[in-house]
Every structure is written in C-alpha cells, then in structure tokens.
Amino acid sequence: MTVNFNNREPVYVQIIRYFKEQIAKGVFEPGQEIPSRRELAHWLKVNPNTVQRAYKEMENQGLIFTEGNLPSRVTRDEKILRSVREELIMEAVHAFVSTVQSINVPVEEAVALVREFYGKTGEKEGDRNDRSEKY
Amino acid sequence: MIEVKNIKKKFGRKQVLKGVSFTAKKGEITCLIGVNGVGKTTILKAIMGLTPYYGGEILINGKRINKTAYEKITFIPDAFIMPSSMKISEAMAFMKDFYAGWNEERARELLEFFRLREEDRIANLSKGNVAKVNLLLGLALDADFVLMDEPFSGIDIFTREQIAEVFTSHLIEDRGVIITTHEINDIEHLIDKAVLLDEGVVVKEFAVEEIREREGKSVVDVMREVYRP
Amino acid sequence: MNKYLKLLNFELNRFFKIYLVLIVLTVVLQMTAVIVECRQYLKQANEMIYGMNASKEQFLADYGQMSFVHIVTNGWFMWSIAICAVTLIIYVFFIWYRDWFARNTFAYRLLTLPTDRINVYLAKATAIFLMVLGLISLQLILFPVEQGIFRAMIPDDFRQDLSTADIITFSKYLTVLFPGTLIEFVARYGAGLMVVLVLFTAILFERCYRFRGIFFGAGYCALAAGIFLSPILIEMFTEKVYLYPIERFFAEVALGLFVSGMSIFISRFLLNYKIRV
C-alpha cells in the first residue's frame, strides 16, 4: 500500500478520503469486510489511533457499519454509496473548475479538452472490474 | 500513565532541566523533540531511575518507580546494554530468567521479523542489527510502557523502515511509548503527541492530529514557530 | 532471594574463564615450583656427593634435609599466590567498572531489573568471596598432591616430612591465608568480606558523584577503617590497655558487623537514589 499522507491535514481525514476513493472505485465493495484498525494502521504505516478515529467518523457518516463483535463492513446503502461517488466527483470538478477559471478558460474549451483527454486514456479509468488492486 | 512533574537537573553548574512537565498515556505514542543536548535522554533516564533529579516527581501509574515497576516499563537506550560477548540466544535467556513478563513467542517473532540469528554474537553485529536486538529485548517484554531513545539515529534507511513498521504493529499493541528524536520527518504520521523541549523546559505539548485539524499545521510547522530558528 | 541467586550465578559465570586461567596458572606454577626446588636440591646433593666425594652425612650436615617449606617459599610458588591475589583485588574494582565502561553499558540493564538494586551489590560481593574461598580450597587440595610429588622426588633420608600445619607456620606468609583455628579463619575472611563491602561502597560513591565521589569514597574508607580499628587506635593514643584480648576480639566482631551493615545501608541508598548511568 503506497498512500502518501501529508502532514498538514489530519491523518484521519485523509484515511476517510482514501476509503471513499476505494469505495468509489469499487475496490471496496458494498458489504465487504474492512481490515481491523491495527491491520490498516500497519498497511498504511500510520498510528492506529488515527485509524480508530477514522473508523469512528466513518461509522458516524454511515460509510461503514458494525454488527455486534464482527468486523466492520462497508455500507450497502445505495444512497450513501452514490453520495460518496458524487462527493468525490464534485471535489475533482470543483478543483478543476477553480483552477481552470482562474486562468480564464471558457467552459466550451474546458469541456472539449476533457472529452479529448477521456478519449486518449480510454475507459480504463472507469473500469469498475479492475480488482487487481486489493487494498 | 507516566506523569513527569516539574523535574529539574543540574550537570555540574549547568542547569539542564529547569522544570520539565508532561504526561504520556498508555495507548499513545509520545515524542520528545528537541535539539541534541536539550536533555531528552536525561528525561528518559530520570523516568527510569537511572539518574537523579530534584524539585519534582515522576509517577508511573501514580507511583514512584520501584522494582516491580521495572516489569511494567522498559527502556531501550541508544546504546547496547547486554555484555557484547553474549550471543543473542544468551541475551534472550537472560531476559527470560529475570523478567516474569518475558514473552518468548513475541521474541521469536521479532527475531524472524528482523532477520536475526540467535547464534550470532552481539559483538559481531553491525550497528543496525545491534539496534534491532536492543528493540527485540525491550519489546518482547509485556511492559505497559516502552521508552526509546533515538531509535532511528545512525541507522540505515531500511532498518529505519523496519523499525517504523514495528510502531504500527501489534508489537506495540496498546502500550504507551515515549520516544525521543531530533529527526521528526520519518515518524510524524506515527505519533499521537509531541512534546517540544527547549532550554530545559517544555515549550509546547500538543496532540498532533488536533493541531492538524485546528490549525492545518504539521509538527515541523509548529517546530518552526516555536524554535524560531 | 531468587533474583540475588540468579545475579550471583551470572557474576560467577562472567568470571569463569578468567577463573579457570587462574586455576591452571596456579597448578602449573606450583608444580613448577615443586619440580624446580627438588631438582635444585638434588643437583646440589649430587654435586657434593658424587662431584666432590663428600659423604651423605656431610652433605646433610651442611645443607640439611629438604622440607616442603623450601617449596612453599620458592619464587614460582609465591608468584602463583600473588597473581591470584592481585587478579582478585583488581576484579573488586573491575566487577563494577566493567558494567559502565565495557563496550556495552550493562549497568543500564543491571539497574533496571525487577529486583532490589542492593541484590546486585550483594551478588557481586558474594561472588568475590566465593572465588576467594575457591582458590583457598584449591590450594588445600594442591598441598597433598604437591607433597606427594615431593616425597616421590626426594629420598627419605634427605627429606623432612612436616605436617601441613607446620609447613604453614614455618613459611610465615602462609599463616595469613591459612590461620590456625576455625575462629580465626572465619574472623579473618569475614574481615576480608567487610573490606570488599567498604570498597564497593567507595566505588558506588564514585559512580554516583563522579569526581567528587572519589573523595567521598576515600573518606568513607577512612571512616570505616577508623571505626573498625577504633579499639586499637584508642589504645595507641591513650597508651593504656582497656580490653582483654577476648574482649577486643568480640569488640572487633561487633565493629566488623557494624561497618559491614553501614556499608550495605549506604550502598543501598546510593543505588536507589543517587546512582547515575
């Protein structure tokens, strides 16, 4: 696992974002068991307490759920899963549009460029069946 | 919990510690940060009863250090502390003999993880491997607190990564860790709490995630502010 | 008690190799003494009797019979004892300083073991004491063996067989190591142990206070000596004799125990509150 965390943002926030990315990508499937806090801390090379905090927050947000003493799982709630996807898309769009607007690019040009770039890199980015990357 | 309350220490005429106070909780990794010579090692030694101090007190789970406390708190200094003529297996046997809390299973696990051979004589090991043996002997004890003095100093990067891995593994488990370093870069994302020392006092004690959340600063940013180089 | 025994075992093991060397050295040197002395005597006898045609009686009148005392006062023999003694005296200091100044600072480990720190002190003292007794025992075993060789090498007429007790008395210096009575033995070696305890305390003063500690340590030695020798000193200065010998003996025993106890007490304090690694 090579996730690079920056040191200025709370690590638990970055972990949650990472989780959302993996969910949106389909690497973490709905209902799938997630690693224990210690396992994840070890894989990500971060303090287990921050993973703990991340899990708690994700539980609050409904991203994961825990039944009794069983390991936590990714939510099956379609609404939440969709909103995660949307959230990430909107974040990317927001970042792109802000940057591009700040250098005064008109929207038609921007969309054309996006389409071109999509065409070049193909549908690979959207391939939800790519399971080769586990965790 | 380890509570250091207002301890002072002189070396000759130099007042090294002018009233140092901080706490370290079990289940957290507390990092003492400061330049060389500020007294980080002295503080760890004071906690272990290896150097006298005055003016304050140090409590481990509410009590002053005594012989039973040595099962609960282990010190891994920046030097090797077993006779160098010993083989690793002999050092392990020694620990097993004297400590009720010696966990043989965990010791073997660490041997494997660090890729050490127990027939090797400590005198013949490289510095990196000596550091690993040091860690092994300290971590294989079922102690609540682990004090590490500059665990990453003078060690090659691969050993450093191995040692960093230990921090996130079950080997640290729910223990309290106090580590000293002047190289915070490697381990910023591993620690819970930072204690910045300067001129014999604690200038800032803070929870790392809190600072990130409230002020968007990394530990290094805070250090820059506090130390004003 | 358990940890004390473990520490004692550890200390004895640490010294084992050197101890073995001392034993071998002692045996070799003393055997050399026996053979060298006997040969020299025989050489002299042969020179006179065969070389100069003297009679046996004449030789014996001039040179006398050889006794084991000759061997015991031979250089090789005395060196074997001296080397052992000096080695152990050095080790009284080395047994502590090696834990601070060897390649690895074992003092860190010793002082953070889950045991009373005084056990470290007591184990070291006991180890030295046992090692001394061991060498004494070795000597007592070697005596008859060496005497056997002596008897085999020197013919009856030329030999004066003495009891071990007489040999010791006539050698003069051996009476120090092998006093006549059990009580004297216990008292003397007990006093030796007390000296070790006092020296250990002085060493601990140095380890606690470093440079100033040397003076504290020396001062403590002087104090201990003063207390222990007070009966003798008082009599010296007042030029009056206050105590019968038996009373002086008991006084010394009491003072010896006091000084030993004081050393242990102070060492315990130093180890628990003042020691530095």
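Among the 2 pairs of chains that touch, chains B and C make the most contacts. This is a predicted model. Chain A and chain C do not touch. Their nearest C-alpha atoms lie 29 Å apart.

**Chain C against chain B**

The contact between these two chains draws 19 residues from chain C and 20 residues from chain B. On chain C, three named elements each give two or more residues to the side that touches chain B: α1 (2–51), α5 (107–111) and α11 (245–274). Which of them gives the largest share? It is α5(C), with 3 residues. By class, this side of chain C splits into 8 nonpolar, 4 polar and 7 charged residues.

**Chain A against chain B**

Here 16 residues come from chain A and 19 residues from chain B. The elements of chain A that supply two or more residues to this side are α1 (11–25), α2 (37–44) and α3 (48–61). The side of chain A that touches chain B holds 7 nonpolar, 5 polar and 4 charged residues.

**A helix pair inside chain A**

Helix α1(A) also packs against helix α4 (residues 78–102) of chain A. The angle between them is about 110°, and their axes are 9 Å apart. How does α1(A) lie relative to α4(A), roughly parallel or roughly perpendicular? An angle from 65 to 115 degrees counts as roughly perpendicular, so α1(A) is roughly perpendicular to α4(A). From α1(A), the contact uses A:K20, A:E21, A:I23 and A:A24. From α4(A), it uses A:L81, A:V84, A:R85, A:E87 and A:L88. By class, this contact has 5 nonpolar and 4 charged residues, and no polar ones.

**Annotated stretches of chain C**

An unreviewed UniProt entry places the feature "transmembrane region" on chain C at residues 16–36, 76–97, 118–143, 186–205, 217–237 and 249–271. How much helix does the model show over residues 16–36 and 249–271 of chain C? The table gives the values for these two stretches.

| Stretch of chain C | Helix | Strand | Distance between end C-alpha atoms |
|---|---|---|---|
| Residues 16–36 | 100% helix | 0% strand | 30 Å |
| Residues 249–271 | 100% helix | 0% strand | 33 Å |

Over residues 16–36 of chain C, then, the chain is 100% helix. Over residues 249–271 of chain C, the chain is also 100% helix.

Note on methods:
Residues numbered from 1 in each chain as written. Chains lettered and ligands numbered in written order. Predicted model: local features only at pLDDT ≥ 70, side-chain atom pairs only at ≥ 80, totals over all residues. Contact = placed C-beta atoms within 7 Å. Helix = DSSP H or I, 4+ residues; strand = E, 2+ residues; numbered from the N terminus. Nonpolar A, V, L, I, M, F, W, Y, C, P; charged D, E, K, R; others polar. Axes fitted to C-alpha atoms, helices over the stretch in contact; angles between N-to-C directions. Parallel < 35°, antiparallel > 145°, perpendicular 65-115°, else oblique. UniProt positions renumbered as here; feature names shortened; annotations may be inferred.
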